[in-house]
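Work through the exercises below with the model open beside you. Each task is followed by a stepwise solution.

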Amino acid sequence: RTEWDHEETDGSVRNRDMFVVKDYMAPTMFKNLGDGMMIVWEIPSGVEPHVDGQIAREVIFAIQWIRRRFYHAFRNLNDVETDSYSQLVSKLEIGFAVARGHAWRLDFAHGVDYAGSVVNLTSRLLDYARPEGLIIQYLMSQALCDDFLKDGTGKLAKILGLKGFPEGSQVWLSPQVDVTQDGIKLLSTNNSSKKKS
């Protein structure tokens, strides 16, 4: 189930077409990249804008869930768990970058892959989420990023100096991201799409 249909507790359904969101929650593709992983959720063209927007939100919620599960699995280990892994596993960190855009779908006999500027952008944003943190391209879900900012969570920034992206990228940074890194320019939350009243 998605975050959206968990909210439908009284049996009423305001937007029946929103139930298609769950059809897009399984990643279209994932592949290991060294010590990392690329995960793609493909949103087909032609879906209603509010469905497209909710899918983007659900992808962010899924990434947050993966992050929580990672730290649940590798922190506060008992002696047997520590012996099963190694003492170093409790020091592992994880970082994420999430972006949206158009990509080329490459169908091969052995599976599917994707290429394009959004793949490059996500990879370059990820470099700023090391060793830990979450970076969300602001265009991924402006309203959700604004909600995070309104709640006092994270920072709005522009990351400059990204190879192939001369204008940089506006992003939301989780509190774990080191904002003193070269290329990160913090922005006022007044630059978000919601106007303060």
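The protein has five helices and nine strands; these are DSSP runs numbered from the N terminus, helices being H or I of at least four residues and strands E of at least two. The model is predicted, so local features need pLDDT of at least 70 and side-chain atom pairs pLDDT 80 or more, while totals for chains, interfaces and linings use all residues. Residues are numbered from 1 along each chain as its sequence is written, and side-chain values use heavy atoms, with hydrogens and water left out.

**Exercise 1. Overview**

Solution: 
- Step 1. Buried means under 20% relative accessible area, exposed over 50%, and partly exposed in between, with a 1.4 Å probe and protein chains only.
- Step 2. Now take contacts (heavy atoms within 4.5 Å). Of those with a separation of 6 or more, 57% are between residues 24 or more positions apart.

**Exercise 2. The open sheet**

Task: Give the strand order of the five-stranded open sheet, and find its edge strands.

Solution: 
- Step 1. The order is β3-β6-β8-β7-β9, and the pairing is mixed. Two strands pair if DSSP finds at least two bridges between them.
- Step 2. The edges are β3 (95-98) and β9 (184-186), since each pairs on one side only.
- Step 3. On average, neighbouring strands are turned by 30° against each other, direction ignored. Axes are lines fitted to C-alpha atoms, for helices over the stretch in contact, and angles run from 0 to 180 degrees between N-to-C directions.
- Step 4. Check one pair. β3 and β6 (residues 133-137) run parallel and are joined by four bridges. Within this pair, G95 stands opposite G133.

**Exercise 3. Helices on the sheet**

Task: Which strands does helix α2 touch, and which residues of α5 are buried?

Solution: 
- Step 1. Helix α2 (residues 49-74) packs on the sheet and touches β3 and β6. Its direction makes about 175° with that of β3.
- Step 2. Helix α5 (residues 142-150) lies across β6, β7 (155-159) and β8 (169-173). It runs at about 45° to β8.
- Step 3. The buried residues of α5 are L144, C145, D146, D147, F148 and L149. They pack against α2, β6, β7 and β8.
- Step 4. Just after α5, G152 takes a positive phi of about 80°.

**Exercise 4. Hairpin and backbone details**

Task: Describe the pairing of β1 with β2, then locate the cis peptide bond.

Solution: 
- Step 1. Strands β1 (residues 29-33) and β2 (residues 36-40) run antiparallel, joined by five bridges. M29 stands opposite V40.
- Step 2. The cis bond runs from R130 to P131, with omega near 0°. P131 is in the loop between α4 (117-126) and β6.
- Step 3. N76 also has a positive phi, about 55°, although it is not a glycine. N76 is in the loop between α2 and α3 (79-84), and is exposed at a relative accessible area of 80%.

**Exercise 5. Salt bridges**

Task: How many salt bridges does the structure hold, and which parts of the chain does the R100 and D52 pair link?

Solution: 
- Step 1. There are nine. The criterion is a side-chain nitrogen of Lys or Arg within 4 Å of a carboxyl oxygen of Asp or Glu.
- Step 2. R100 and D52 meet at 2.4 Å, N to O. R100 is in the loop between β3 and β4, D52 in helix α2, 48 residues apart. R100 is partly exposed, at 28%.
- Step 3. D127 and R130 meet at 3.4 Å, N to O. D127 is partly exposed at 44%, and R130 at 45%.
- Step 4. K150 bridges to D147, with the closest N and O atoms 4.0 Å apart. The two are three residues apart in helix α5, so about one helical turn separates them. K150 is exposed, at 58%.
- Step 5. Salt bridges that share partners join E42, R105 and D107 into one network.
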